[in-house]
Amino acid sequence: MTVTTRVKLSTMMFLEFFIWGAWFVTMGTYLGKTLGATGVQNGSAYATQSWGAIIAPFVIGLIADRFFSAQKVLGILHLTGAALLYYITTVPNFEGFFPIIFAYMIVYMPTLALVNSVSFKQMANPSKEFPPIRVFGTLGWIIAGLVIGWLGWEQSNSLVLTFKMAAIASLILGLLSFTLPATPPAKKGQKASLGDILGLDSLGLLKNRSYLTFFLASVAICIPLAFYYNFTNPFLNEVGMKAAAGVQSLGQVSEFLFMALMPLFFVRLGVKKMLAVGMLAWVLRYIFFAYGDTGANYWMLIAGIVMHGICYDFFFVTGQIYTDNLAGEKFKSAAQGFITLATYGVGMLIGSYISGPIVDKFKVSDTAHNWTSVWLIPAGIAAFVFLVFVIFFKDTNQIQTKPGLDIEEPGTGRVEV
């Protein structure tokens with residue numbers, strides 16, 4: 001790979017996740033403060049991510065994989081996204097906002113797979129070459145949060161600027177995409193079945209009782225995950241945390257650090273303990289949020305954010321490796337696609353529609369909620385999933401890892417452990 005190609009791919013990854021992080025984290029606060037949205041409406045807006053994740057395989061499977069070069073599809077989608085993001089800043093109410101953000105997520109979610117396709121096509125050894133490029137995506141998300149916090153847009157009620165910032169970045173990435181190395185359709189001329197697109201060929205894995213337990217736990221644990229994505233920023237701003245979006249970027253820093261340590265944990269803990277620790281961390285995170293504040297218990301808020309690394313890496317990344325080991329060569333791709341569809345699609349969708357009414361139920365005034373009661377609910381859900389998993393999951397085998405192992409994050413990319 002040439003230096004020019006490496007720089008282009010790194011810039012692509014940085015912008016891809018800068019765009020997402022620029023508005024996604026603070027959207028709930030924007031909806032509540034600027035558009036006067038309810039918790040139900042907030043949940044519906046975040047549910048568009050899940051709908052995008054459900055529709056994305058059809059865009060990739062039917063268009064990018066068979067008809068057009070990936071870099072061109074990427075460019076068109078991001079240019080369209082730039083227009084939608086800018087237009088959404090002119091909408092004065094939630095009724096106008098929702099269909100635009102729905103359309104945007106249908107456009108954006110397929111790009112998460114496309115940036116990976118463009119990258120892998122240029123690599124002779126993806127397990128070695130991809131991680132240094134993918135890390136720029138994490139950096140982009142972190143920088144977006146730090147910029148929002150540094151400029152004080154949350155405190156000044158100027159979060160509409162986050163969408164404009166993301167629109168500019170999307171425009172730049174859209175134009176950059178047409179200069180990326182050619183990535184022709186990989187399955188041109190091949191027929192596509194619904195099972196191929198959705199990864200249904202991997203359904204045989206569910207005959208394994210332990211994997212079925214893991215699969216159901218994965219879907220269920222995404223219900224409390226929706227509470228975190230949808231309402232953490234409004235919660236932190238409401239309790240008075242300064243530069244909340246910037247502080248939340250510590251979650252991505254934690255995710256990166258724990259990813260580097262995962263090989264050590266794999267050797268010592270094995271698959272069941274890794275997955276169990278991940279789920280237990282979810283319980284603790286929401287308990288920290290329930291009883292944290294900006295006074296003496298400020299450390300609880302920080303701990304809850306930093307625990308994102310354990311919550312995500314120990315459960316989701318371990319689960320991806322477990323699935324990869326169990327599926328075998330023939331069904332690896334199908335299995336990864338199916339588990340992603342089930343979690344970020346179905347699980348998160350359920351969580352988004354459940355979380356909104358719960359937050360509204362514990363609203364005590366126009367500007368305040370009983371957050372202790374709110375956060376104890378996802379803590380309880382996570383605790384129940386944890387107990388069911390520990391009782392019924394019997395596979396205690398060690399996952400065999402080696403230098404250069406690929407781990408695929410749902411909807412984001414691969415990292416090396």
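The exercises below, each with a worked solution, concern the predicted model shown above.

Residues are numbered from 1 along each chain as its sequence is written, and side-chain values use heavy atoms, with hydrogens and water left out. Since the model is predicted, local features need pLDDT of at least 70 and side-chain atom pairs count only at pLDDT 80 or more, whereas totals for chains, interfaces and linings use all residues.

**Exercise 1.** State how many helices and strands the chain has, and what share of its residues is buried.

*Solution.* Next, with buried defined as under 20% relative accessible area for a 1.4 Å probe and protein chains only, buried residues make up 57% of the 417 residues. A303, which lies in helix α12 (residues 298-306), illustrates the cut-off, because its relative accessibility of 19% makes it count as buried. In space, A303 is 7.1 Å from F288, C-alpha to C-alpha, although 15 residues separate them in sequence.

**Exercise 2.** Determine how α4 and α5 are oriented to each other, and which classes of residue form their contact.

*Solution.* Two packed helices are described by the angle between their axes and the distance between the axes. Here the axes are lines fitted to C-alpha atoms over the stretch in contact, and angles run from 0 to 180 degrees between N-to-C directions. Helix α4 (residues 70-88) and helix α5 (residues 94-121) pack at about 155°, with their axes 9 Å apart. The two helices are therefore roughly antiparallel (angles over 145 degrees). Among the residues that make the contact (heavy atoms within 4.5 Å) are L74, L77 and L84 of α4 and Y104, V107 and L114 of α5. By class, this contact of α4 with α5 has 19 nonpolar, 5 polar and no charged residues.

**Exercise 3.** Carry out the corresponding analysis for α9 and α11: what are their orientation and the composition of their contact?

*Solution.* The axes of helix α9 (residues 209-238) and helix α11 (residues 250-291) come within 11 Å and cross at roughly 30°. That angle makes α9 roughly parallel to α11 (under 35 degrees). Residues of α9 including F214, I221 and F235 meet residues of α11 including M279, W282 and F289. The residues of the contact of α9 with α11 divide into 13 nonpolar, 1 polar and 1 charged.

Note on methods:
Helix = DSSP H or I, 4+ residues; strand = E, 2+ residues; numbered from the N terminus. Buried < 20%, exposed > 50% of the residue type's maximum accessible area, 1.4 Å probe, protein only. Parallel < 35°, antiparallel > 145°, perpendicular 65-115°, else oblique. Nonpolar A, V, L, I, M, F, W, Y, C, P; charged D, E, K, R; others polar.
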